[in-house]
Amino acid sequence: MQEDGYINITEEDIKNSVQDKKVIFDKNGDVHYDNISAFIKSMRGSDPDATLFYLARAIEGGEDPMFLARRIVVSASEDVGLANPNALVVANSAMQAVHMVGMPEGRIILAEAAVYVANSQKSNSTYLGINKALTDVKSMDTGVVPMHVRNAPIKQMEKLGYHQGYLYPHDFKGNYVEQQYLPDKMIGTKYYIPCENDEPKINKNILEYKNNNK
């Protein structure tokens, strides 16, 4: 304060005040949503550099580390899926580790899991499949469970036809046998459409086996 009672701010004062540029980050406002959206989209888009940048902004802005860990877990399932099922294992392990270790070391764990998800091949086949199945279950009459795949804990139920005619897949070549599982009204409905990135040992072999043995 000067002798005249006023505070005089000079150009030099202004320059010095902006040297340390802090991100305006209101974790309860729009910036929170914008940043977490960019973080998720960067992982989905396989950009590890942008992933780490938005993760750093979130950490510096005071985001809950467990919230960030949960978003990585979701992305590992929704966006990576069966293209690399291990991504979900890594993400879930990271979430548990962050819970146990806490911050600031938790930043390293979050970064490792986020980059792993970003660098993984992507597949949303199960995300699309469960959404379609839920839509059908909610919006239409999907019929009843076929008798042969129903449980029969007591003999009286077995006499009524429960479980009768069920074929145990492990008794057959390739541990697979053709039989109806869906209700009559849903026969032929497809929910799981394999993505070309899905691991080859997951269900695509079964689909190929079915097509080759019709």
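Which residues of H2 are buried? In this predicted model, they are His 32, Asn 35, Ile 36, Ala 38, Phe 39, Ile 40, Ser 42 and Met 43. Their cover includes helix H3 (48-60), H4 and H6.

Helix H2 spans residues 30-44 and has 15 residues. From its first C-alpha to its last, H2 reaches 21 Å, close to the 21 Å expected at 1.5 Å a residue. Just after H2, Ser 46 takes a positive phi of about 60°.

The table sets them out.

| Helix pair | Axes come within | Crossing angle | Hand |
|---|---|---|---|
| H2 and H4 | 10 Å | roughly 40° | right-handed |
| H4 and H6 | 10 Å | roughly 20° | left-handed |

Take H2 with H4. Their axes cross at roughly 40°, and the two helices are therefore oblique to each other. On the H2 side, the contact is made by His 32, Ile 36, Phe 39, Ile 40, Met 43 and Arg 44. On the H4 side stand Phe 67, Leu 68, Arg 71, Ile 72, Ser 75, Glu 78 and Asp 79. These contact residues divide into seven nonpolar, two polar and four charged.

Now H4 with H6. Helix H4 covers residues 65-80 and helix H6 residues 106-119, with axes that cross at roughly 20°. That makes H4 roughly parallel to H6. From H4, Pro 65, Leu 68, Ala 69, Ile 72, Ser 75, Ala 76 and Val 80 take part. They meet Leu 110, Ala 113, Ala 114 and Val 117 in H6. This contact has ten nonpolar residues, one polar and no charged.

Methods. Residues are numbered from 1 along each chain as its sequence is written. This is a predicted model: local features need pLDDT of at least 70, side-chain atom pairs count only at pLDDT 80 or more; totals for chains, interfaces and linings use all residues. Side-chain values use heavy atoms; hydrogens and water are left out. Axes are lines fitted to C-alpha atoms, for helices over the stretch in contact, and angles run from 0 to 180 degrees between N-to-C directions. Helices (H or I, at least four residues) and strands (E, at least two) are DSSP runs, numbered from the N terminus. Angles under 35 degrees count as roughly parallel, over 145 as roughly antiparallel, 65 to 115 as roughly perpendicular and the rest as oblique. A crossing is left-handed if the near helix is turned anticlockwise from the far one by less than a right angle, and right-handed if clockwise. Contact means heavy atoms within 4.5 Å. Ala, Val, Leu, Ile, Met, Phe, Trp, Tyr, Cys and Pro count as nonpolar, Asp, Glu, Lys and Arg as charged, and the others, Gly among them, as polar. The expected span of a helix is 1.5 Å times one less than its number of residues. Buried means under 20% relative accessible area, exposed over 50%, partly exposed in between (1.4 Å probe, protein chains only).
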